Amino acid sequence: MTAPSNGPTNGSPNASVLTGPVEVVGTGLIGTSIALACRRAGLEVLLTDAAADHVRTASGLGAGRPRTEEDVPQLVVVAVPPDALGAAIRAALDAAGPDTYVTDVGSVKGAPLDAVAGHPAAARYVGSHPMAGTEHSGPLTANAALFDGRPWAITPAHGASPAATALVDALVRLCGAVPVMLPPGDHDRAVARTSHVPHLMASLVAGTLAGAAPDHLALSGTGIRDVTRVAGGDPALYSQIIGANANAVADLLTEVRQRLDLVLEAVREGDRVGLESLLAYGQAGTRAIPGKHGGAPQTMVPVRVAVPDHPGELARLFADAGASGVNIEDVRIDHDPGRPVGLVELDVVEGTAEVLREALESRGWTTHR
């Protein structure tokens with residue numbers, strides 16, 4: 001076992017430089033991925049979790065070692081479920097020495113900030129939120145590269161220590177993510193708009209499929225899969241996340257309900273003009289989503305290709321597409337329910353679709369226009 005380490009001396013000119021140790025409280029997917037990223041960078045990592053088997057698993061993966069009473073972490077990263085977040089942050093501040101700072105990686109920032117209000121060490125807490133994850137959970141699903149290139153919000157409150165903010169920024173960059181500074185309230189409104197309400201909408205649409213007749217479900221295609229994919233997330237976890245952001249989510253749901261009433265009225269009354277206007281508003285929303293690498297959105301066109309469901313066929317398709325000189329921006333696959341064939345949609349920038357179609361057809365592929 002590595003010998004216990006001490007944090008930086010208070011007042012050191014390097015107090016804002018992340019040197020470790022970093023303690024990770026909560027060794028699930030996110031916490032263990034952060035620990036692995038810190039170990040990748042050579043930092044010492046201390047692991048804490050109410051579930052001892054999670055700590056053993058994370059340690060076995062090389063994510064760090066269990067924390068001892070003698071350890072003095074420089075930065076504590078709280079990565080526990082939303083309902084436990086406030087208490088865990090306060091506990092980390094209670095146990096912290098004068099040179100220890102605390103962050104959390106919860107998906108809501110207002111609630112934990114309220115939980116630490118009035119704490120004598122509250123200035124040494126700065127919240128954060130990595131916009132990364134999967135539908136899986138637990139330390140065995142962790143990956144040091146999980147955050148590479150992903151946005152990671154940093155949400156310092158008024159009165160937060162500049163050193164705390166600097167350490168969290170250093171952690172974000174060390175994990176390969178892109179820091180985005182936001183006030184806590186702005187963050188919660190942003191994730192309500194881009195994550196929490198979309199998740200609820202996906203769940204409502206997916207709920208219409210439960211108990212549907214099999215011959216109805218046989219008509220399922222890529223559209224319904226795209227709309228409902230995120231509804232497969234853990235209901236217990238997402239009820240905590242959405243519940244912790246109740247005010248921002250409720251405000252947006254009120255807007256959605258008003259538009260849904262307008263849609264219902266337009267459909268029942270046969271108001272094509274009103275319906276088209278609402279659909280166009282939604283189309284404008286899709287165009288507002290940032291494009292690749294955070295750049296301006298670009299209009300994409302799908303090139304649909306029939307691909308036999310055999311090993312190696314996708315690799316051959318991608319090789320032929322690469323030979324065309326056209327860049328593939330996104331890929332979707334829809335399997336033919338009646339034949340061993342899939343329909344692969346290759347999204348390309350508008351204006352290059354015909355070049356790709358001609359190149360693929362010249363190599364024997366069947367495209368659908």
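Tutor: A helix here is a DSSP run of H or I with at least four residues, a strand is a run of E with at least two, and both are numbered from the N terminus. The model is predicted, local features need pLDDT of at least 70, and side-chain atom pairs count only at pLDDT 80 or more, although totals for chains, interfaces and linings use all residues. Residues are numbered from 1 along each chain as its sequence is written, and side-chain values use heavy atoms, with hydrogens and water left out.

Student: In which helix is V191 found, and what is its relative accessible area?

Tutor: The helix that holds V191 is α6, which spans residues 184–207. A residue is called buried under 20% relative accessible area, exposed over 50% and partly exposed in between, using a 1.4 Å probe and protein chains only. V191 is therefore buried, since its relative accessible area is 4%.

Student: Which residues are in contact with V191, leaving aside its neighbours within four places in sequence?

Tutor: Contact means that heavy atoms lie within 4.5 Å. With the neighbours within four places in sequence left aside, the residues in contact with V191 are S107, H129, M131, H196 and N245.

Student: Which strand does the chain reach when it crosses from β4 through helix α3?

Tutor: Both faces of β4 are covered, with L75 and V77 buried on one side and V76 and V78 buried on the other. Two strands pair if DSSP finds at least two bridges between them, and β4 pairs in the parallel sense with a strand at residues 101–104 over four bridges. Leaving β4, the chain passes through α3 (residues 82–95) in a right-handed β-α-β crossover, a term for a path from the first strand over the helix to the second that runs clockwise when the strands point away from the viewer. The strand that this crossover reaches is β5.

Student: Around how wide an arc do the buried residues of α12 lie?

Tutor: In α12 (residues 313–323), the buried residues are E313, L317, D320 and A321. They sit on the same side of the helix because the arc they cover around the axis, taken from the directions from the helix axis to the C-beta atoms, is only 100°.

Student: What angle does the direction of α13 make with that of β9?

Tutor: An open sheet of four strands has antiparallel pairing and the order β10-β11-β9-β12, and its edge strands are β10 and β12 (366–368). The twist averages 30° from one strand to the next, where axes are lines fitted to C-alpha atoms, for helices over the stretch in contact, and angles run from 0 to 180 degrees between N-to-C directions. On this sheet packs α12, which touches β9, β10 and β11 and makes about 140° with β9 in direction. α13 packs on the sheet as well, touching β9, β11 and β12, and its angle with the direction of β9 is about 15°.
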